[in-house]
Amino acid sequence: MIIMGEDAQRVKDKDAQEYNIQAARAVANAVRSTLGPKGMDKMLVDSMGDVTITNDGVTILQEMDIDNPTAEMIVEVAETQEDEAGDGTTTAVAIAGELLKNAEDLLEQDIHPTAIIKGFHLASQEARSQVNEVAEGVEPGDSEVLQKVAETSMTGKSSELNKDLLAELVVDTVEAVTVEADDGSYVVDLANVNIETQTGRATSESELLNGAVIDKDPVQDDMPTEFDEADVLLLDEPIEIEETDVDTQVNVESPDQLQQFLDQEEKQLRQKVDKIVDSGADVVFCQKGIDDLAQHYLAKEGILAVRRTKKSDIAFLRDVVGANVVSDLDSLSGEDLGRASVRRDADDELFYVEGLDEETHGVTLLLRGSTDHVVDEIERGVQDALDVVSTTVSDGRVVAGGGAIEVEVARRLRSYAGSVGGREQLAVEAFADALELVPRVLAENAGLDSIDTLVRLREAHQEDEDTRAGLNVFSGDVEDTFEAGVVEPAQAKEQAISSATEAANLVLKIDDIIAADELSTSGDGDDEGGAPGGGMGGMGGMGGMGGAM
């Protein structure tokens, strides 16, 4: 009996499991080479020809043209990691891929997927518990440790060359927007941080500014550009002639009639400007356009006007100056205005706006770089650093990096495996092996022998019980990475373990794939994600993924 359409495809049982595992592993393999300080970059070219050069895991996966439902599930691991922890996306995806690789070995030993899933779940719970036990506390005011966290996040990225300065700026930025809650916890509101970029300058000239930076010009050169105490109007309405809602045609029979129309338009513009003057505004940031004649009137009144201000800048200025965004000039009053000092940097062609009221807040991180590609990658690195430092301040826990925490947790998991009965014990041990992928890949990417490195790390953790022993990828030595300044937020590690486990278990639970049409037609059946042996030739694992690499 035929119950499916002619184009429908189906993969069942072991073929489905193999297909899913290979597709997921292909995604993990695509980003493994970017892990760590010695990781390499990827060049991504989208369908429009735009080029992105980065080693940020989530950026790579989002830009890749992935045409496979299983692979997309692994991409979601990176996105979740980015949202929850801000960094560690490559680690999370790599662990997910290694978990599935080890699960495949267990499946070949006729261990049922449900036993593997249960074992992975138990191991994940125990691993997160052990991360918490090993983690060390950090106070929000401990700038030295927080700076190490920021530097660790930026190491291996384009921002690394100036990581000392950038890390200091990141810590100062987070401290500027951190408040203590009623329950004694600390809350970091990154919504009060605005990041602006500027090309043509050295990265070392980046700076943190109190207030907002507006990359716009005044509408007229003869307008004043310096105000120590200005009343600021944020306007979401054009200062232009109002257009009629319907198309109209007017016959003009004499020059006098034409002049009347022109006079009426001028009067309408004058009324709009008068309302702004009457409100007491000294500076106007308008999201829409400003008519040439209105510009002239505003300049005569000594008012600084900036048009076509970005919506995001208007929203940020609202918090910085404490003003209301006005959408109708007829309802404008002095209460809608905010207070700020405004000055213009003629060299950089930027407006610096600093709020004067204590209730207002907001800082701008101005990042500079030589080219667009450089400054874009610096911005990604700094954004990740902001996220991990804010996570550390809110969570208050850090761990040693360089593979130290993974080796220590893997050692403890192997001890824990003895208390787990049944075949789940093998899954727990496989989970421990998967965690050790991180130091192995760090060594590989640094040109070191991964097996020798892992053996030395295990010895350091077993004999000396040194929970901080990790890999120095620059010297190849095993040392106390915490003291060496390689520090990572504990929450990022916990989130990576949790996300990777859930994604791996979700993939393992699938034993039947029913597709209404071909998933892809470019699979080559290799280990990088093509259709497995016995599967359907039309269901290539990664499809269009190669087009973006």
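**Note on helix α3 and the overall fold**

1. Pro69 is found in helix α3, helices (H or I, at least four residues) and strands (E, at least two) being DSSP runs numbered from the N terminus. Pro69 is partly exposed, with a relative accessible area of 39%; the term covers values between buried (under 20%) and exposed (over 50%), with a 1.4 Å probe and protein chains only. Pro69 lies 8.9 Å from Ala23, C-alpha to C-alpha, although 46 residues separate the two in sequence.

2. The model is predicted: local features need pLDDT of at least 70, side-chain atom pairs count only at pLDDT 80 or more, and totals for chains, interfaces and linings use all residues. Residues are numbered from 1 along each chain as its sequence is written, and side-chain values use heavy atoms, without hydrogens and water.

3. Helix α3 spans residues 69-84 and includes Glu72. Glu72 is partly exposed, at a relative accessible area of 40%.

4. Glu72 belongs to a surface patch of negative charge together with Asp65, Asp67, Glu76, Glu79, Asp83 and Glu84. Such a patch takes residues with over 30% relative accessible area and no salt bridge, like charges being joined within 9 Å. A salt bridge is a side-chain nitrogen of Lys or Arg within 4 Å of a carboxyl oxygen of Asp or Glu. Charges are placed at CG of Asp or CD of Glu.

5. The protein contains 16 helices and 21 strands. Of its 549 residues, 52% count as buried. Among contacts (heavy atoms within 4.5 Å) with a separation of 6 or more, 75% involve residues 24 or more positions apart.

Key
Patches are made of residues with over 30% relative accessible area and no salt bridge: like charges are joined within 9 Å, nonpolar side chains (Val, Leu, Ile, Met, Phe, Trp, Tyr) within 5 Å. Accessible areas come from the Shrake-Rupley method with a 1.4 Å probe; for residues, only the protein chains shown count as cover. Lys and Arg count as positive and Asp and Glu as negative; His and the chain ends are not counted.
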